[in-house]
Amino acid sequence: MQNWHLWLVPLLPLVGCAINGLLGRRFSHGVIKAIALGFPGLSMVWAWYIALSAQLPYIEDHFTWIRAGNFSVDFAFQLDQLSLVMMLVVTTVGFLIHIYATGYMEHEGGYYRFFSYLNLFMFFMLMLVLADNYLMMFVGWEGVGLASYLLIGFFFLRDSAAAAGKKAFIVNRIGDFSFLIALFLLIQHFGTLKYTEVFEKISHLPAETTGIGLLTIIGLCMLGGATGKSAQIPLYVWLPDAMEGPTPVSALIHAATMVTAGVYMVCRSHAVFDRAPTALMVVAIIGTLTAFFAATIAVTQHDIKRVLAYSTVSQLGYMFAAAGVAAYSAAMFHLMTHAFFKALLFLAAGSVIHGLSGEQDMRKMGGLRKDLPWTFWTMTMATLAISGMPFFSGFFSKDMILFNTFTSPFGSKWFWGILLFTAFLTAFYMFRQWFLTFFGEFRGKPAEVHGGHHEHQGQEKHGHHGHAHESPMVMVLPLAALAILSVVGGLVGVPGHDSFGKFLAPVFSQYSEGLPAAAVSGGETAAEAPAGAEHAAPATHHEDESLEYTLMGMAICTFLLGVGLAWYLYVKRPDLPGKIAGNLRGLHHAVENKYFVDEFYGAVIVQPLIKGSTFILWKTIDAALIDGTVNETAHAAGDVSNQFRKMQSGNMRSYAGWVALGAAAVIVFMVWMRGAR
Amino acid sequence: MVHVSYYLALSAILFSCGVLGFLIKRNIITIFMSIELMLNAVNLSFVAFASYWHALSGQVFVFFVMVVAAAEASVGLAIIIAVFRTRETLNPDRVNLLKL
């Protein structure tokens, strides 16, 4: 088989990271830019070249990394349809965001540091998606967590940023612990972590339709890891705080790529989940609930980035719901379109913030569509896409998820109903943001709003004309590119001839011997996929189609309702939202404060942990017990020595006396021993 | 023939006298004599055992001890004289320049 040098794809960004990280301090911005863009750019070009020409699946085994007894892990890369999609999304969207960031971060300190971290992230993310075993995936998994921590806390002089970085890191650790347990279980029961071998062994096991078996536990542990990384209930709390990072970071890591790692992991492990319906159901429930709750919170947020953060959590919930009804290709489809439009939304929001010199509060925006025409139009595309405007990318992917939750054997009308309502909320809060930002009158203070508040401390050099200014070309171009992707990206999965699903079908229909056919492939493709073909009679296929169009119609209705409501409340009657909030004060207060989940975690987990650590672990065990033992031993030794010191009086006769006494003692002892014998 | 135990008893008494003298006396010359007494008490037990076991090694050892004692006496007396010249005392407790 031809060697495609797949290792170049992840390693090139690492080279960029090393050069910029080690030497970047002395470079000019131009050199830093060239390195920061060049290596991920090469990586992207190489990724596309491989993607277009390589024979799939392709495995590239470099060397044995760890060997212990019968267990060994190879340093190897695997490229199949699933990792191919991820690789292209990561390199392409990542590269666009890199371009944007060179403009956005122009006036910030630590320019080289920022791009070094950003390239480091690309390296780990590509390791994660290209790994051919769970351990290498875990390395990437931890690595992106590290990069995320570094970048959230990039403005480390701000306390809130440093705290948000720590929060993200620690919350992720909880999930990683769970993921690690899943890996241990895999090693214990299957003796390997290589995907192909693990799944091959699992494929001989029966589905655990009743009770909780090994696969269910492994699946739940993996889900635990995924909830951490992908910000699902109960571990989603870190993502909104992660908005403290620079906006390109939010776009790249906390919207488009890293947070989707959990979805990728669940899809990658579909062999496990296919055989563990209980675990699947939990995935679907968590996904659905997260989608719904995060959407309700997004409705009440005022910070433009926080709306998007909760929207991300909510959309990730959609992906989990899709994965949870075994519609893996639908999950991956939404992952891809979401990467396009959510990255675009964040970048456009960043452009707005940039234009307003760091203002993030939507209540102080408004009427910006004339000042920021490019930003306005690209953001409009993204908003339409995420809200489910027909024929935009988000419409197809969300529709596929809704359809699958309705029809999949693992699905239920409840999931569908909640997700449909969430789609309405999504359209509502997205258009609320859109209207608040771009329509009506400008509500901020005119001219010098110079927030010492935010990242743009260096903004002063940036000549101000009026109150808002369009971003430079280097930021607008990525916006335009992503806007095109957001609009047309969904066409690969047009219902009826779902080429995206068909493309992924070889991955998701693998390892499915002995399973009910419907469980096998990503829902929509069930009719076409080879495994499902003989089971799906033509008649049901037609029924499916008409059902699909019905469901699609309802989705469009909810979209129109959401947009209409947003228009009515924020354009026609801008006085109404305040009144409604006033009438529902308790509810509004709870939702605006994110249901007090942070406070709840703080009171139930963090505070007891701090108290317990302080009073039990620190004061009692460490200070009193351990230190006490050590100190007391030292004191006792000192006291005894003080007594023995007196023997060394320097008096010759006393020494002689001791010698005589010792000799006498030896004699007595010998005589006594003699007698004892 | 006197039994060997009598020699040993005498040797033990002499040795104890030497030890006591060493511990009690403050004059370095007397202490020195006590050491000689102890050495000779040991010599006595050596020759007693030598005759008891009809073995020569005990007597040979006595000669070694005597040689050592002579050497020790010469060196020791030389030190005493040197100390006396500088410190003008024979009390070893007064020779305490190196003590804290």
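Colleague: Hi! Which residues touch the most other members in the largest nonpolar core?

Modeller: Those are A:Ala331, A:Ala343, A:Leu344 and A:Leu419, in a core of 210 residues. A nonpolar core here is a set of buried Ala, Val, Leu, Ile, Met, Phe, Trp, Tyr and Cys residues joined through C-beta atoms within 7 Å. Buried means that 20 or more other C-beta atoms lie within 10 Å of a residue's own, exposed means 12 or fewer, and partly exposed is in between, with C-beta atoms placed from the backbone. Bear in mind that this is a predicted model, where local features need pLDDT of at least 70, side-chain atom pairs count only at pLDDT 80 or more, and totals for chains, interfaces and linings use all residues. Residues are numbered from 1 along each chain as its sequence is written, while chains are lettered from A and ligands numbered from 1 in the order in which they are written.

Colleague: Thanks. Which helix gives the most to that core?

Modeller: Helix α15 of chain A, residues 328-355, with 19 residues. Helices (H or I, at least four residues) and strands (E, at least two) are DSSP runs, numbered from the N terminus.

Colleague: And what is A:Ala331 in contact with, leaving aside neighbours within four places in sequence?

Modeller: A:Val263, A:Cys267, A:Met319, A:Ala322 and A:Ala323. Contact means that the two C-beta atoms, placed from the backbone, lie within 7 Å.

Colleague: Let's move to α19 of chain A. Which of its residues are buried?

Modeller: A:Met475, A:Val476, A:Pro478, A:Leu479, A:Leu482, A:Ala483, A:Leu485 and A:Ser486. Their cover includes α3, α15, α16 (373-387) and α17 (393-407) of chain A.

Colleague: How far apart are the end C-alpha atoms of α19(A)?

Modeller: They are 23 Å apart, which agrees with the 22 Å that its 16 residues should span at 1.5 Å a residue. The expected span is 1.5 Å times one less than the number of residues.

Colleague: What about α1(A), what covers its buried residues?

Modeller: The cover includes α2 (29-53), α3 (81-104) and α4 (111-130) of chain A. Among the buried residues of α1(A) are A:Val9, A:Pro10, A:Leu12 and A:Ile19.

Colleague: Now the strands. How many buried residues does β1 of chain A have?

Modeller: Zero among its eleven residues, 58-68, so the strand is hardly covered by the cut-off of 20 C-beta atoms. β1(A) pairs with β2(A), residues 71-79, in the antiparallel sense over nine bridges. Pairing requires at least two bridges found by DSSP. A:Ile66 stands opposite A:Val73 in β2(A).

Colleague: Which residue of that hairpin takes a positive phi?

Modeller: A:Gly69, near 65 degrees, and the hairpin has two residues between the strands.

Colleague: Zooming out, how many helices and strands does chain A have?

Modeller: Chain A has 26 helices and two strands. Of its 677 residues, 50% count as buried, and the C-alpha atoms fill a box of roughly 110 × 70 × 55 Å along the principal axes.

Colleague: And what is the secondary structure of chain B?

Modeller: Three helices and zero strands. Of the 100 residues of chain B, 12% count as buried. Its radius of gyration, taken over C-alpha atoms, is 17 Å, whereas a compact globule of 100 residues would have one near 13 Å. That rule is 2.2 Å times the number of residues to the power 0.38.
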